[in-house]
Amino acid sequence: TLDFDNRPLYFYKNSEQAVRMGPWKAYRKSPRNNIELYLIEDDVHSDRNLAENYPEVVQKIDSIMKAAHELHQWYRDPWESENDYQIKIDKAKRTKNLQIATRPNGL
């Protein structure tokens, strides 16, 4: 059986990545930035970056970020440059694969 309580959760949006693993929360603005590490039970506002104090946890989370990210031809790859992403957007427009963002209920 799987232990869902201890399974890491991976999130990403554009180039930002985050992992929730046990008592830890990790965040990285982009793959070119360092991972920030917070012990959320003691630091609910993420004010104290503990990455330097726990390099083994940062290394584990970095490997989770790399392994969990699944690439798709139209999704933003956190490791790609802004220029490469713009090329992807332009290709999506040319091939009519760009989805226009809409807000629910006209918001």
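Predicted model: local features only at pLDDT ≥ 70, side-chain atom pairs only at ≥ 80, totals over all residues.
Q: Hi! Let's start with α1. What end-to-end distance should its 14 residues span?
A: Helix α1 runs over residues 55-68, and at 1.5 Å a residue it should span 20 Å. The C-alpha atoms at its ends are 20 Å apart, which agrees.

Q: Nice. Which residues of α1 are buried?
A: The buried ones are V57, V58, I61, D62, I64 and M65. They cover an arc of only 160° around the axis, so they sit on the same side of α1.

Q: And which exposed residues are on the face turned away from that buried side?
A: That face carries Q59, K66 and A67.

Q: What do the buried residues of α1 pack against?
A: They pack against four strands: β1 (9-13), β2 (16-21), β3 (24-28) and β4 (36-39).

Q: Let's talk about the core, then. How many residues are in the largest nonpolar core?
A: It has 15 residues. Those with the most contacts inside it are V19, M21, W24, L37, I61 and M65.

Q: Which elements each supply at least two of its residues?
A: β2, β3, β4 and α1 each do. The largest share of this core comes from α1, with five residues.

Q: Y10 is a tyrosine worth a look. How many aromatic pairs does a search of the whole structure find?
A: Two. One of them joins Y10 and Y12, and this pair is stacked, with 6.1 Å centre to centre and 25° between the planes.

Q: Are those planes stacked or edge-to-face by angle, and why?
A: Stacked, because planes under 30 degrees apart count that way, and the angle for Y10 and Y12 is 25°.

Q: What about accessibility: is Y10 buried or exposed?
A: Y10 is buried, with a relative accessible area of 19%. The cut-off for buried is under 20%. Y12 counts as partly exposed, at 32% relative accessibility.

Q: Switching to charges. How many salt bridges are there?
A: The count comes to three.

Q: Which residue does R28 pair with?
A: R28 forms a salt bridge with D62, and their closest N and O atoms are 3.1 Å apart. The pair links distant parts of the chain, since R28 is in strand β3 and D62 is in helix α1, 34 residues apart. R28 and D62 are both buried.

Q: Is K66 buried or exposed?
A: K66 counts as exposed, at 51% relative accessibility. Together, R28, D62 and K66 are linked in a network of salt bridges.

Q: What does K88 form a salt bridge with?
A: K88 pairs with E80, the closest N and O atoms being 3.4 Å apart. K88 is buried, with a relative accessible area of 15%, and E80 counts as buried at 10% relative accessibility.

Q: Good to know. New topic, the loop between β4 and α1: where is D42?
A: D42 is in that very loop, and D42 is exposed, with a relative accessible area of 55%. The C-alpha atoms of D42 and P23 are separated by 9.1 Å, and these two residues are 19 apart along the chain.

Q: What is phi for S46?
A: Phi of S46 is near 55°, which is positive in a residue other than glycine. S46 is also found in the loop between β4 and α1, and S46 is buried, with a relative accessible area of 17%.

Q: Last one: where is K96, and what does its backbone look like?
A: K96 lies in the segment after α2 (82-94). K96 has a positive phi of about 60° although it is not a glycine. As for accessibility, K96 is exposed, with a relative accessible area of 73%.

Technical notes. Residues numbered from 1 in each chain as written. Heavy atoms only, no water. Phe/Tyr/Trp six-rings, centres within 6.5 Å; stacked < 30°, edge-to-face > 60°. Buried < 20%, exposed > 50% of the residue type's maximum accessible area, 1.4 Å probe, protein only. Expected span 1.5 Å × (residues − 1). Arc of directions from axis to C-beta. Contact = heavy atoms within 4.5 Å. Salt bridge = Lys/Arg side-chain N within 4 Å of Asp/Glu carboxyl O. Core = buried A, V, L, I, M, F, W, Y, C linked by side-chain atoms within 4.5 Å.
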